[in-house]
Number of protein chains: 2
Amino acid sequence: MDRLACVIVIGNEILSGRIRDSNIQFLAVALGRVGIRVKEVRVVADDEAAVIAAVNACRFIYDYVFTTGGIGPTHDDITTACIAKAFGVPLHRHPEALERLTRYYGASLNPARLRMADLPEGATLIDNPISQAPGFRLGNVFVMAGVPRVMQAMFDGVRPGLQGGPAMASRTVTAYVREGDLADGMTAIQTRNPTVEIGSYPFFRNDRLGVSVVTRGYDADAMATASGEIETLMRALGGDPQPVDLAAEDGEP
Amino acid sequence: MDRLACVIVIGNEILSGRIRDSNIQFLAVALGRVGIRVKEVRVVADDEAAVIAAVNACRFIYDYVFTTGGIGPTHDDITTACIAKAFGVPLHRHPEALERLTRYYGASLNPARLRMADLPEGATLIDNPISQAPGFRLGNVFVMAGVPRVMQAMFDGVRPGLQGGPAMASRTVTAYVREGDLADGMTAIQTRNPTVEIGSYPFFRNDRLGVSVVTRGYDADAMATASGEIETLMRALGGDPQPVDLAAEDGEP
């Protein structure tokens, strides 16, 4: 059985374009490696109603929800309070979080930083080896920092506890043939191999059009068969298929 | 009045992490420049139900919806058919789209490529100066390619027809002070300046912690006042505020 996840990115800085998000790709790859597929991503504003709506729209549908952003000490860090409201539980001062912040900040533990120890009732801590202020898990929702380095360190701690499904096998072949020339034959291959996902990604490089075709599936044999048929089709069209992903290198989906 | 937009990114290649999306940031910045704020982004799979649900969840809430991806000639390009279903209108062969594809492809206009001329009834074309296959607009939904270069060229054509709201004034100041030391004073500044959005973004550079504070608002005077108060606060904490955005340069929201 598939294990499915949703990523909710909380941050005006992504919606304004000030920052190009990198957490989505990191989580997509890292979760895929443990057999969890990201099926949806939402980017929402630092806005209470928007965060609560997104969390409650997703946490009943997906096995896992991962949020990034909005758990720092400043007025615009509202994620923790929103998660408590989404679950209908109060915030309380978490003893272990308080201890970690006290140890790390000492006399600098002002009211703003203390707020980072106020977590929803029932939350368990997610370690933050970088700057101590913890993330937390509540039910199937994992609440992590937005700063990529901190988020990645938090995810390292979370990973061993995640329950993945079977791994997907995947193969990519690339040739300098035009996607539209490949399309009708590829549709037939997709129809013959219904358990395999075939994704087609055109690119343009050195004044030449090409296409990378990604096949993915839980049945490794079926996946390999479909990929082989794609290669044969590429050759029939005069291409010289290679096991590389030039479309991804170009960043062109 | 704010003019608000939602961006819907359609593509398994983003959800699998194979590609790091760049269309979100491009559209966020480009729309912001014409006075349209991106308030939400969704990334959904190449899956009919998911695309239809996202489009219909967003097109009644936001002034504009922009989709990227899934309008090519291959079996996994399902966006156009999904938009038609979301609006409850049939697909028909669009005469002008057919003419453009015929002119561009000539004898190579096979059934797969012809499919790109089948658009929802009522759609108007969005020019594609790169590879001719057009995008389209239906109601307040703009359907564009996923390949960034093509999407950006399509957006250039769309831009003059968009109706923006007032422009937001914005200013950023950065200092090597710790975000948590700034937080309580910044909350007071936010409370005194309720029409201004104050965003706080920590970063770590050369072994030093710092913070970039972004103030944004429709009232340029109020925005400048709030930004000035942030500077004063940074100085009081021993910082030397500069009008740069080191947090964004580090890619750390």
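Me: Which residue stands opposite A:Glu40 in strand 2 of chain B?

Reply: This is a predicted model, where local features need pLDDT of at least 70, side-chain atom pairs count only at pLDDT 80 or more, and totals for chains, interfaces and linings use all residues. Residues are numbered from 1 along each chain as its sequence is written, chains are lettered from A and ligands numbered from 1 in the order written, and side-chain values use heavy atoms, without hydrogens and water. Strand 2 (residues 36–44) of chain A and strand 2 (residues 36–44) of chain B run antiparallel, joined by five bridges; strands are DSSP runs (E, at least two residues), numbered from the N terminus, and two of them pair if DSSP finds at least two bridges between them. Opposite A:Glu40 stands B:Val44.

Me: What is the area buried between chain A and chain B?

Reply: Buried area is the accessible area (1.4 Å probe) that two parts lose on being put together, summed over both. Carbon and sulfur atoms give 51% of it here. The value is about 5,400 Å².

Me: Which residue forms a salt bridge with B:Arg18?

Reply: A salt bridge needs a side-chain nitrogen of Lys or Arg within 4 Å of a carboxyl oxygen of Asp or Glu. The rule finds four across this interface. For B:Arg18, the closest N and O atoms are 2.6 Å apart, and the partner is A:Asp245.

Me: Why is strand 1 of chain A largely enclosed by the rest of the structure?

Reply: Buried means under 20% relative accessible area (1.4 Å probe, protein chains only). Strand 1 covers residues 3–10. It is largely enclosed because, of its eight residues, the number buried is seven.

Notes. Helices (H or I, at least four residues) and strands (E, at least two) are DSSP runs, numbered from the N terminus. Buried means under 20% relative accessible area, exposed over 50%, partly exposed in between (1.4 Å probe, protein chains only).
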